[in-house]
Amino acid sequence: MKLAGRVKSLSSSPTLQITNKAKQLKKSGVDVVSFGAGEPDFDTPQYIKDAAVCALQQGMTKYTPSTGTAALKEAIIGKLERDNLLHYRPEQIVVSCGAKHALYSIFQVLCERGDEVIIPAPYWVSYPEMVKVAEATPVFVGTGEKDGFKITPKKLQAALTKKTKAVIINSPSNPTGAVYTKEELLEIARIAAKEDIFVISDEIYEKLIYGDARHYSIAGLDKEVYKRTFTVNGLSKAYSMTGWRIGYLAGPKEPVEKISNLQDHSTSCPNSIAQAAAVTALEGPDDFVNKMRDEFLKRRDYLVERISNMKNMSVFCPQGAFYAFSNISRVGLDSVTFAARLLDEARVAVVPGVGFGDDKYIRLSFATSMEQITKGLDRIEEWVRKL
Ligand SMILES: Cc1ncc(COP(=O)(O)O)c(C=O)c1O
């Protein structure tokens, strides 16, 4: 069977692979501890669920405008003004089926064959695949613990070519939890404006930030970069609404218009009931996310402390999101072998770093209970000690 060339090298998500395998094992009665989760282990708050029930009862069960209801766009505009000091008009906003869908549409509209997109590595697994489906070329720029897993202006400048279309900035980052400072973002903004490239700013973990770190939206730091930036966010992580599939983008009018046309012909609109619930979420208080963040912080501190004391293991202390990126290079196994053996021999699921662009690491999600974290870390400690 001859399939389209552009999907030939498309791979499945390694994050989903390992979590699915762990789920299957659990289902068959095996006591597996999973550090694979890419979603908060909290239920969606009741008042948001109630809003969905109310929308359902009021008959909000039909197509909405393809880029989202007027009410949700207003709520998003209000959120971006309040939290991010960003000013957008409704025609600059597209509500989509999750932030993932928003990102997918951006690459479809911006990129074509011959274009390059700069992706700081380690990266979220879907970026390179989305770029490739848009027939563009991902250009990876390696970062390490020494530079806090962040692309430096020098490295960005060195990666630029005439073909560069865009750079992706993901702060807080999945998988490392790195958070860019205002000064670091300003430098990137200046380069993007000078070189006339787009910035795709994935801010989905914005509300999950620890300690002194603060979130800044790059689009708000410089007038020139605002014109070239797509700010991407969504409800999945902050409100524990991963299954509701509501994300959004805000950006320059002309490409956003094309994304809107693309959405007309691909999804028609995001789910109407979920959109109504999203208005309630965005206009409501931050109490839920603050409580969740406090819990994640406790888990992060515990996990970092434990791994730092394990034989041949170390970990980068994440400033945001709910993942810890742990260096396994001294163990002497590549990340896939490490993860496969750990699952088989100690019944603990972690995600191999190779899928994120660094084979010397594994990713552990702390979006699971303290009890599971303790049990899983006990098992890892014992397993690495015996290796
Ligand atoms: C960095 C990053 N961006 C985007 C997404 C997509 O989120 P959504 O559920 O809104 O599609 C994820 C989900 O794991 C993510 O980790």
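Guide: The radius of gyration is taken over C-alpha atoms, and the globule rule is 2.2 Å times the number of residues to the power 0.38. Please keep in mind that the model before us is predicted.

Visitor: What radius of gyration would a compact globule with 387 residues have?

Guide: For 387 residues the rule gives a value near 21 Å; the protein has 21 Å, which means that it agrees with a compact globule. The span of the C-alpha trace along the principal axes of the protein is about 60 × 55 × 55 Å.

Visitor: How many helices and strands are in the protein?

Guide: The protein contains 13 helices and 13 strands. Let us turn to pairs of helices.

Visitor: By what are two packed helices described?

Guide: The angle between their axes and the distance between the axes describe such a pair. Consider helix α4 (residues 99–110) and helix α9 (residues 253–266): their axes come within 9 Å, with a crossing angle of roughly 115°. Angles of 65 to 115 degrees count as roughly perpendicular, and α4 is therefore roughly perpendicular to α9. The crossing of this pair, α4 and α9, is right-handed.

Visitor: Which residues of α4 and α9 meet?

Guide: On the α4 side they are Ser105, Ile106, Gln108, Val109 and Leu110, and on the α9 side Pro255, Lys258, Ile259, Leu262 and Gln263. By class, the residues of this contact are six nonpolar, three polar and one charged.

Visitor: At roughly what angle do the axes of helix α11 and helix α13 cross?

Guide: The axes of α11 (residues 287–308) and α13 (residues 370–386) cross at roughly 5° and come within 11 Å. Angles under 35 degrees count as roughly parallel, so α11 and α13 are described as roughly parallel to each other. Helix α11 contributes Arg299, Tyr302, Leu303 and Arg306 to the contact, while α13 contributes Met370, Ile373 and Leu377. Five of the residues in this contact of α11 with α13 are nonpolar, two are charged and none is polar.

Visitor: Are α2 and α10 parallel or oblique to each other?

Guide: The axes of α2 (residues 46–57) and α10 (residues 272–283) come within 8 Å and cross at roughly 140°; α2 and α10 are therefore oblique to each other. Their crossing is right-handed. From α2 the contact involves Tyr47, Ile48, Ala51, Ala52, Ala55 and Leu56; from α10 it involves Ile273, Ala274, Ala276, Ala277, Thr280 and Ala281. Eleven residues of this contact between α2 and α10 are nonpolar, one is polar and none is charged.

Visitor: Next, the backbone. Which residues does a cis peptide bond with omega of about -10° join?

Guide: That cis bond joins Ser171 and Pro172. Pro172 lies in the loop between β5 (164–170) and α7 (182–195). Another cis peptide bond runs from Asn174 to Pro175, with omega near 25°, and Pro175 is likewise found in the loop between β5 and α7.

Visitor: What is the value of phi of Ser240?

Guide: Phi of Ser240 is near 50°, which is positive although the residue is not glycine. Ser240 is placed in the loop between β7 (229–234) and β8 (247–250).

Visitor: Finally, how many residues surround the ligand?

Guide: The ligand is surrounded by 13 residues, and the closest are Gly98, Ala99, Lys100, Gly234 and Ser236. The residues of this shell comprise eight polar, three nonpolar and two charged.

Conventions: Residues are numbered from 1 along each chain as its sequence is written. This is a predicted model: local features need pLDDT of at least 70, side-chain atom pairs count only at pLDDT 80 or more; totals for chains, interfaces and linings use all residues. A residue is near a molecule or strand if its C-beta atom, placed from the backbone, lies within 6 Å of it. Ala, Val, Leu, Ile, Met, Phe, Trp, Tyr, Cys and Pro count as nonpolar, Asp, Glu, Lys and Arg as charged, and the others, Gly among them, as polar. Axes are lines fitted to C-alpha atoms, for helices over the stretch in contact, and angles run from 0 to 180 degrees between N-to-C directions. Helices (H or I, at least four residues) and strands (E, at least two) are DSSP runs, numbered from the N terminus. Angles under 35 degrees count as roughly parallel, over 145 as roughly antiparallel, 65 to 115 as roughly perpendicular and the rest as oblique. A crossing is left-handed if the near helix is turned anticlockwise from the far one by less than a right angle, and right-handed if clockwise. Two residues are in contact if their C-beta atoms, placed from the backbone, lie within 7 Å.
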